[in-house]
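Work through the exercises below with the model open. Try each task before reading its solution.

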Amino acid sequence: MARGVETMARFLDQARQMGDVAARQMAALAPVMRPTFSAPSERLPTAALAGKSPVALAQDAMAYAVDATQRSILFWDTMRQAGNAFVAHEKAGCPPVLVFDWDMVVDGRELPRRCNYALVRIKPPEGFKPTDPTMRPFVIIDPRAGHGAGIGGFKSDSQVGVALRRGHPVYFVIFFRDPEPGQTILDITSAEATFLRTIHERHPQAQKPVVIGNCQGGWAVMMLGASEPDLTGPLVLNGAPLSYWAGEKGRNPMRYTGGLAGGSWPAAMLADLGNGTFDGANLVANFESLSPGNTWFRKYYNLYEKADTEAERFLEFERWWGGYFLMTRDEIRWIVENLFIGDRFARGEISAGKGASFNMRSVKSPIVVFASAGDNITPPGQALRWIADVYRDEQEIKTLGQTIVYLVHDDIGHLGIFVSGKIANKEHTEIANTLDLIESVAPGLYEMRITGAEGSGLNAGYQVELVERSVADIRAVSGEAANEAFPAVARISAMNQMAYDTFASPVIRQFATEKTAEARRQMNPMRARRYLVSDQNPAMKPLAGLAATVKQNRAPVAPDNPFVAMERAWADAVEQSIDRWRDMRDAWQESAFHAVYGSLAAFGVASAPVDVVQDGVVGMLDDTPDVRAALSRIAEGGYAEAVVRMMILLAKARGGVRRNRLARSNALLTGEEPFASLSAAARQALIREQTVVVEMAPEEALATLPDLLPEAADRSRALATVADVAGPEEELGDRALAMMARLRQVLAAPPALPAQPDSPEAAPAPRRNGRAKR
């Protein structure tokens, strides 16, 4: 009876889930179901046609026909150039598309654990100042998700360009098209650790390097931070899907793909058909299907519409988008089973070999997460949810000494996070500026806010503020991550994979050869359509001469030509029709996913829920050794401890910190005594310990400040120093002003005489957060 009641409860919950899915889809599809053009006046640009004589319309039609014909020739010639560039890029082995010159530093193909990754150093181009070897190096790891390396340095205004202009040494982790035989993800992680050790050896006087991971490169960065915490400086994750199950119903459909395919076995089958090699073109095709209106039509129409000016940008991007890379069978299975299907990283379930596992709680470096609400490949939930899965609350983040900063853009797309020059000149520049100071930030969870604009009068430039946030805020952003349907996918995937490995895989491997695998790769539509428009197709060769003639006799149509307006209206209608089909497809897929796997979960097929809170954390935070040690020294220390504690109390009262205050704090902690004599590690340890004290015992932290500053001169100096860092009082806010007044009040009292051991005043145990000290 108990099992029956439990099953009935699951079915009722499943019914509610399906009702919720249906309601959200109806709301999302309501605009789609309406006709795009509700009246003839909206369908055609009649205003442009009104009042024109038949002769004038005939002239407009003739001018448009000439222009459209010329644009067609220029369009197809650009497509021919793209096809030729694709052929040449393939023959060259798909080298990195970096716009910067580089020197090879470490080739992973020569390491004991061989892999197709390599570390290169970027050479500053002409006009850039020389790099300073004592400055913190930047290391950029691009995604290997079907495409090649170089998107992070695709333009001068890029992640690479931002760091080079500041004088930092910049290193890039590239990879070659063909994997080394038998290489695994763990081999790549080992190679990347070797890369970081090499950078440490080349820059012994510099701080630990900033490591930037783009998209799936973010997994590599976090795996490095978890396995080699002593090698990494601040980590920057740009559009990295560390929590693949997270998202909102009615949105983020890509996370359902693995379940609808039956799990990981299709990827394994494609690798078997490839003679042990998985073709990255299959992943790129999946990305294109997410926004078919753009990738299948709009980007080509933009090239046709702006045939005179768009060719260079189109060819530049196609060189990267059309370069398809390969993975071993073990690599693609590891990625699908651990990340896409299993979502195991946040749970600490990914094996690191020899009985160990990658645990994100082991990462000690500050972490910056950059996501965008307009990213349909890695929505904010997938980029941020791991924070709520790994840490119980924001207080735990602080007591563990971790600093996490996240930034959510309003509308930029996935590739724009890495490629857009506007993003590089704003968000990435401000992130780089903040990274110089981030190790002076008190541990905690912050949202980075960038306000202002370039050249805005007296207040020219961007203003950056780190605002304190909670894990509850992360859960609100990330959507309904807790869903029994996804664990059911993991269970069914494991069963299907076992069946495939037992019965189908041996047969397919028996008949697959390298020749058949290469033939399949060449016939893949992603490659075939590019070969078709190259000079390998004899019908395309005359276009070069025709295009030259057109450019000499170009007759562009007037912008107000009514037929141009009709063309644009037609293009909009085509794109909207494709996107309507996409929205209806996604709605059907989401319904099917929840109907199938939600029902299986109701029958108890799903794995038992996994508690993402790690062992040893379930108890009270103030019972941990580090917290007990910090609280036991709450009244111990001197000027340095007092000043840091006071600045943390002020920042906590204000709810965040502006970067100008952070800069003043950093100048104090690195340039004035007694802080300047401390090592970077000692300063960070001091900040972490005082953060724990303030978080776990805020009132006692305040009350014991006089014990740290027994001399009146030191008290006055500390108050003056903190006031200088805080800045003008009119900018502090009421809560920060109140805290400043309390600091002055506490430190204005005369130094207290130490209590005798047998004094009654020494008997009561101090209280922390309303609880007696154990």
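**Exercise 1. The end of a helix**

Solution. Helices here are DSSP runs of H or I with at least four residues, strands are E runs of at least two, and both are numbered from the N terminus. This is a predicted model, where local features need pLDDT of at least 70 and side-chain atom pairs count only at pLDDT 80 or more, while totals for chains, interfaces and linings use all residues. Residues are numbered from 1 along each chain as its sequence is written, and side-chain values use heavy atoms, with hydrogens and water left out.

Task: Compare the span of α25 with the expected value.

Solution. First, count: α25 covers residues 639-654, which is 16 residues. Next, take the expected span, 1.5 Å times one less than the number of residues.

**Exercise 2. Cover on α25**

Task: Decide whether α25 is mostly covered or mostly open, and find what its buried residues pack against.

Solution. Apply the cut-offs: buried means under 20% relative accessible area, exposed over 50%, and partly exposed in between (1.4 Å probe, protein chains only). Twelve of the 16 residues of α25 are buried, so by that definition the helix is mostly covered. Among them are Tyr639, Arg645, Met646 and Ala653. Now look for partners. The buried residues pack against α26 (659-671), α27 (680-696), α28 (698-703), α29 (705-708), α30 (712-726) and α31 (734-748). For the chain as a whole, buried residues make up 52% of 774.

**Exercise 3. A loop residue**

Task: Locate Val605 and list its contacts beyond four places in sequence.

Solution. Val605 sits in the loop between α23 (562-602) and α24 (625-632). Contact means heavy atoms within 4.5 Å. Leave aside neighbours within four places; Val605 then touches Arg491, Ile492 and Leu600. Pro487 is 118 residues from Val605 in sequence, yet their C-alpha atoms are 8.5 Å apart.

**Exercise 4. Salt bridges**

Task: How many salt bridges are there by the rule used here?

Solution. Start with the rule: a side-chain nitrogen of Lys or Arg within 4 Å of a carboxyl oxygen of Asp or Glu. The count comes to 47. Side chains of opposite charge can pair when their charged atoms come close.

Solution. Asp67 and Arg71 form a salt bridge, 2.7 Å from N to O. Both residues lie in helix α4 (residues 54-91), four residues apart, about one turn. Asp67 and Arg71 are both buried.

Task: Why does the pair of Asp436 and Arg166 tie together parts of the chain?

Solution. The closest N and O atoms of Asp436 and Arg166 are 2.0 Å apart, in a salt bridge. Asp436 lies in the loop between α17 (421-435) and β13 (444-453), and Arg166 in the loop between α5 (159-165) and β4 (170-175), so the pair joins parts 270 residues apart in sequence. Asp436 is partly exposed at 35% relative accessibility. Arg166 is also partly exposed, at 22%.
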